[in-house]
Amino acid sequence: MQEKYIDETKQGEAYAISEKQGNTKKLFLESYGCQMNFSDSEIVASILRDQGYNTTLNSDEADLILLNTCSIREKAEQTVRMRLSQFKRQKLTNPSLTVGVLGCMAERLKTKLLEEENLVDLVVGPDAYRDLPNLLKETEGGGDAINVLLSKEETYADIAPVRLGGNGVTAFVTITRGCDNMCTFCVVPFTRGRERSRDPHSILKECEDLSLNGYKEVTLLGQNVDSYLWYGGGPKKEFKNASDLQKATAVDFAHLLELVAQKVPGMRIRFATSNPQDMDLEVFRMIAKYENICKSVHLPVQSGSNAMLKAMNRQHTREDYLELISKAKEIVPEIAFSQDIMTGFCGETHEDHLQTLSLMREVEYDHGYMFAYSERPGTPAHKKLEDNIAPEIKQQRLAEIIKLQGELSSARMAGYVGRYHEILIEGTSKKNQNQWKGRNTQNAVCVFDKSPDQQIGDLVMVYVYGNTQGTLLGKIEQTHLAN
Ligand code: 5AD
Ligand code: SF4
């Protein structure tokens, strides 16, 4: 999936079908927001498959409708509310239908969702999915059920996700949950709780199983993958009290990357999301060392202005960020970066905005996800700062940032023209049934004509002869299968 965030104006994605013989009940599961939610939905489907539910893509035939929701911006919540009103009408004709909200909105709004206009029967936060079987029993007599407890330990390490999303080639594997960074604008630390890392053994096992099942690419997921630290479990801050043995055998993110790269050498490895203040140069050394770790890093910056970064509590300056980028480029000359940028934050001046544009030009990002600031209730920014940039100014700055990113993306794509790239075939191009689509190591999408000897999951050498703003145009010269 090239898009990190599903466009909030579109409906969430209802996932493909998971079938287990003998299951009679039908679950319609729709996910919104970040990749983490899509990955969590696969855990939910796994838990519910053992409770007699197969998934369906048709909400009309569902016994249970679950929306895995996002709270990151107000618009994301509005989209879910509209969807819930549709399902409320469906409940009028089918009173036995159960409708539930999972994910960040469940955590943020808690009982409000049950109280407000009776929109839902079930509210379950991101750390409480194991409790779904009990909660569903509670709703059986027509009652409501809620569990929004956050955990310091839950990583769902032992639950084998049902692979719903996809193409059978690329998959997500969660390695950390939660975030301790407390960027002032962000609701995530409140909805997903404290940072915790998953047992590396279970991560390696999941990657190995994926490889055995024919998968060719794995994306290691977390709100903040660079803070991954395993020393036996529990929040990272408790590492200070860990025993000497625990410290000596601890696994950090760079080490984990190496373990995965060695365990599944025939698989491509990607990861998201990184944070400048937590990133170690060792991660780039691993990218340089292992051919199967992709040369692309998603490194949100949010703003190019130190004043804004400070107000956002980002724990890094513009200079820190640019230094990290330049050292990374020295270690991995072919590396590509993508960004998250948020414009119109509290007090942002025109000069701050210009600083963002100049940072973008310096980094020369391949790709970006750009947003206007949306105030979130309960966050430090909401409590202490004034959301004082007029909506028109936010939109104007956003348009300038998007336009510049378009130019930078075009230039980066043009730089890939005129040479061969190793492309993993992920599926048929949406625009042309006769073409494949896949990505190179830098995560740039490439389309090229199909030939009969190729199939989804093949790694092929493609000659790139041209480009559009976001896509490489290729032609096949020589095929070799992935190991
Ligand atoms: N308003 C707008 N964008 C936000 N993001 C996080 N919180 C907000 C908010 N309140 C953006 C940031 C982050 C990405 C996941 O979403 O750019 O990196
Ligand atoms: Fe939010 Fe900052 Fe954590 Fe990202 S690093 S999830 S923006 S608090």
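Where is D158 found? D158 is found in the loop between β7 (145–147) and β8; helices (H or I, at least four residues) and strands (E, at least two) are DSSP runs, numbered from the N terminus.

The model is predicted: local features need pLDDT of at least 70, side-chain atom pairs count only at pLDDT 80 or more, and totals for chains, interfaces and linings use all residues. Residues are numbered from 1 along each chain as its sequence is written, chains are lettered from A and ligands numbered from 1 in the order in which they are written, and side-chain values use heavy atoms, with hydrogens and water left out.

**View 1**
D158 counts as exposed because its relative accessibility is 59% (buried means under 20% relative accessible area, exposed over 50%, partly exposed in between; 1.4 Å probe, protein chains only). The side chain of D158 makes a polar contact with the side chain of R130, at 2.8 Å. A polar contact is a pair of N or O atoms within 3.5 Å; within protein, one must be able to donate a hydrogen and the other to accept it, and residues adjacent in sequence count only if both atoms are side-chain atoms. D158 and I203 are 45 residues apart along the chain, and their C-alpha atoms are separated by 9.6 Å.

**View 1. Helix α7.**
Helix α7 (residues 200–212) has 13 residues, which should span 18 Å at 1.5 Å a residue, and its end C-alpha atoms are 18 Å apart, in agreement. The expected span is 1.5 Å times one less than the number of residues. Residues of α7 that are buried include I203, L204 and L210. Their cover includes β8 (170–174), β11 (217–221) and α9 (253–263). At the start of the helix, a side-chain oxygen of D199 reaches to within 2.9 Å of the backbone nitrogen of H201. Just after α7, G214 takes a positive phi of about 95°.

**View 2. Residue T98 in strand β5.**
T98 is found in strand β5 (residues 98–103). T98 counts as buried because its relative accessibility is 13%. Not counting residues up to four places away in sequence, T98 touches D63, L64, I65, D121, L136 and T139 (contact means heavy atoms within 4.5 Å).

**View 3. The surroundings of ligand 1.**
Of the 13 residues around ligand 1, R73, F185, Q302, D340 and S374 come nearest (a residue is near a molecule or strand if one of its heavy atoms lies within 4 Å of it). An N or O atom in the side chain of R73 is 3.0 Å from a nitrogen atom of ligand 1. A backbone N or O atom of F185 lies 3.1 Å from a nitrogen atom of the ligand. A polar side-chain atom of D340 lies 2.7 Å from an oxygen atom of ligand 1. Q302 is found in the loop between β15 (296–298) and α11 (306–311), and its phi is near 75°, a positive value in a residue other than glycine.

A cis peptide bond joins A272 and T273, with omega about 5°. T273 lies in the loop between β14 (268–272) and α10 (281–289).

**View 4. Confidence along the chain.**
The protein chain averages a pLDDT of 93, and 94% of the residues score at least 70; pLDDT is the predictor's confidence in each residue, from 0 to 100. Over residues 1–11 pLDDT stays under 50. Where pLDDT is low, the predicted coordinates should not be read in detail.
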